[in-house]
Amino acid sequence: MSDGAFGLSPGEPPATRPPPAIAAPGVVGWLRANLFRTWYDTLLTLAVLYVLWLVVPDVVRWALGDAVWSGEAAACRAAGGACWAFVAEKWRFILFGTFPADQHWRPTLAMLLTMGVLLASADRRFWGPGCWCCGRLGWGRRGC
């Protein structure tokens, strides 16, 4: 019968327990455990790295190297890269669409609240029934 503390029987000496498993330390250990555990993990990792090797340099060249940062539409068409001048000019339309300009505060508030909830949910203090906000909101131990 185990006492539950460490899985030991009441009369069992601690020396008979097996030592804890030690994972390979460092970056190499993490890579082996997460990216190269089996042959298909290795194959998938190498395939993704190859696709990234092909795609990332072209995307960076398009987004930064060949980009037009200011100017007219003709300059954007001639450059062949990203047209950040267009994004700077049309950022309100990109964010809000055809929503009325005097009502932009509503989607802005919705975006800020959504980002706040996402950031708060990333903090473990907000997880589970005993989070710090429950007492302040009067919910006690019922959960958030």
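This is a short tour of the structure, stop by stop, with something to select at each one.

Before you start, note that the model is predicted: local features need pLDDT of at least 70, side-chain atom pairs count only at pLDDT 80 or more, and totals for chains, interfaces and linings use all residues. Residues are numbered from 1 along each chain as its sequence is written, and side-chain values use heavy atoms, with hydrogens and water left out.

**Stop 1: helix α2**

Select residues 39-65, which make up α2. Helices here are DSSP runs of H or I with at least four residues, and strands are runs of E with at least two, numbered from the N terminus. Now look at V55, where α2 bends by about 30 degrees; a proline, P57, follows within four residues. The bend is the angle between axes fitted to the seven residues ending at a position and the seven starting there.

**Stop 2: T45**

Stay in helix α2 and pick T45. Is T45 buried or exposed? At 13% relative accessibility, T45 counts as buried (buried is under 20% relative accessible area, exposed over 50%, partly exposed in between, with a 1.4 Å probe and protein chains only). Not counting residues up to four places away in sequence, T45 touches L35 and F36, where contact means heavy atoms within 4.5 Å. A polar atom of the T45 side chain lies 2.9 Å from the backbone oxygen of L35.

**Stop 3: the aromatic pairs**

Next, show the aromatic rings: there are 2 aromatic pairs in the structure. Rings of Phe, Tyr and Trp (its six-membered ring) pair if their centres lie within 6.5 Å; planes under 30 degrees apart count as stacked, over 60 as edge-to-face and the rest as tilted. W39 and Y40 are edge-to-face, with 5.6 Å centre to centre and 85 degrees between the planes. W39 is exposed, at 65% relative accessibility. Then move to W69 and W84: their ring centres are 6.0 Å apart and their planes at 20 degrees, so this pair is stacked. W69 sits in the loop between α2 and α3 (73-79), while W84 is in helix α4 (residues 84-89), so the pair ties together parts 15 residues apart in sequence. W69 counts as exposed at 54%, and W84 as partly exposed at 31%.

**Stop 4**

Select C76 and C83, which form a disulfide with their sulfur atoms 1.9 Å apart (the rule asks for a pair of cysteine sulfur atoms within 2.5 Å). With 55 degrees about the S-S bond, the link is right-handed. C76 is buried at 10%, and C83 is partly exposed at 22%.

Now click A82, in the loop between α3 and α4. A82 is buried, at 4% relative accessibility. Leaving aside neighbours within four places in sequence, A82 is in contact with W62, A63, D66, A67 and V68. A82 and D66 are 16 residues apart in sequence and 6.9 Å apart in space, C-alpha to C-alpha.

**Stop 4: H104**

Finish at H104, in the loop between α5 (91-96) and α6 (105-121). Which residues does H104 touch, not counting those up to four places away in sequence? They are R92, F96 and F99. The side chains of H104 and R92 make a polar contact (2.7 Å); such a contact is a pair of N or O atoms within 3.5 Å, and within protein one must be able to donate a hydrogen and the other to accept it, with residues adjacent in sequence counting only if both atoms are side-chain atoms. H104 is buried, with a relative accessible area of 9%.
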